[in-house]
Amino acid sequence: MSAARNTPAPAHAAEGVAAHPADALLRQLDDLMAAIRSADFPALLAEEVEDDRETFPAVRCPRCGDLVESEELRAVTPAFLWIAADDIESDETRARGAVSFYNDQTPELEETLYYRHREHAVRLPEGWREDWQ
Ligand SMILES: [Zn+2]
């Protein structure tokens with residue numbers, strides 16, 4: 001994890017920094033994401049299906065009842081990045097009137113917000129965990 005990732009969110013103003021009315025929105029966003037993360041969405045069901053007298057492992061969605069195809073199951077992550085400004089103190093930045101941000105980070109994919117089958121939220125089957133590659 002890089003140092004930039006550890007940069008605190010601007011919503012949590014340091015002591016002595018005046019509060020801004022919109023700071024509350026960022027706190028609400030944090031609270032909302034925490035609530036979504038801990039929501040008890042219905043768990044997918046690991047089962048065996050029989051087709052042509054052979055059984056295959058399958059996963060069924062408890063919400064729509066369909067078998068889940070791999071490409072239909074998504075891990076939704078917020079993927080927030082805290083990218084530091086490149087050189088805000090330079091004459092060039094002032095002359096351009098533009099601040100550069102250089103992104104050499106990849107999203108924190110392991111921070112799953114929720115799982116989604118098609119358009120509805122689900123959980124992984126009981127006892128299953130995610131394994132990022
Ligand atoms: Zn479904």
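This report describes a helix, a sheet and a loop in a predicted model.

## Basis of the description

The model is predicted, and local features are reported only where pLDDT is at least 70, side-chain atom pairs count only at pLDDT 80 or more, and totals for chains, interfaces and linings use all residues. Residues are numbered from 1 along each chain as its sequence is written.

Helices (H or I, at least four residues) and strands (E, at least two) are DSSP runs, numbered from the N terminus.

## Helix 1

Helix 1 covers residues 23-38, and its 16 residues should span 22 Å at 1.5 Å a residue, which agrees with the 23 Å that separate its end C-alpha atoms. The expected span is taken as 1.5 Å times one less than the number of residues.

The helix is hardly covered, since the count of buried residues among its 16 residues is 0. A residue is called buried if 20 or more other C-beta atoms lie within 10 Å of its own, exposed if 12 or fewer do, and partly exposed in between, with C-beta atoms placed from the backbone.

Most residues other than glycine have a negative phi. Asp 52, however, has a positive phi of about 60° although it is not a glycine, and Arg 53, also not a glycine, has a positive phi of about 65°.

Asp 52 counts as exposed because it has 5 C-beta neighbours inside 10 Å. Arg 53 is likewise exposed, with 5 other C-beta atoms within 10 Å.

An open sheet of 3 strands has the order 3-4-5, with antiparallel pairing, where two strands pair if DSSP finds at least two bridges between them. Strand 3 (73-76) and strand 5 (120-122) stand at the edges with a single partner strand each, so one side of each is left without a neighbour in the sheet. From one strand to the next, the twist averages 40°, with axes being lines fitted to C-alpha atoms (for helices, over the stretch in contact) and angles running from 0 to 180 degrees between N-to-C directions.

Strand 3 pairs with strand 4 in the antiparallel sense over 4 bridges, and Ala 75 has Tyr 115 in strand 4 as its bridge partner. Strand 4 (residues 114-117) is joined to strand 5 by 3 bridges, and these two strands run antiparallel; here His 117 stands opposite His 120 in strand 5. Strand 4 and strand 5 form a hairpin with 2 residues between them, and Arg 118 in the turn has a positive phi of about 50°.
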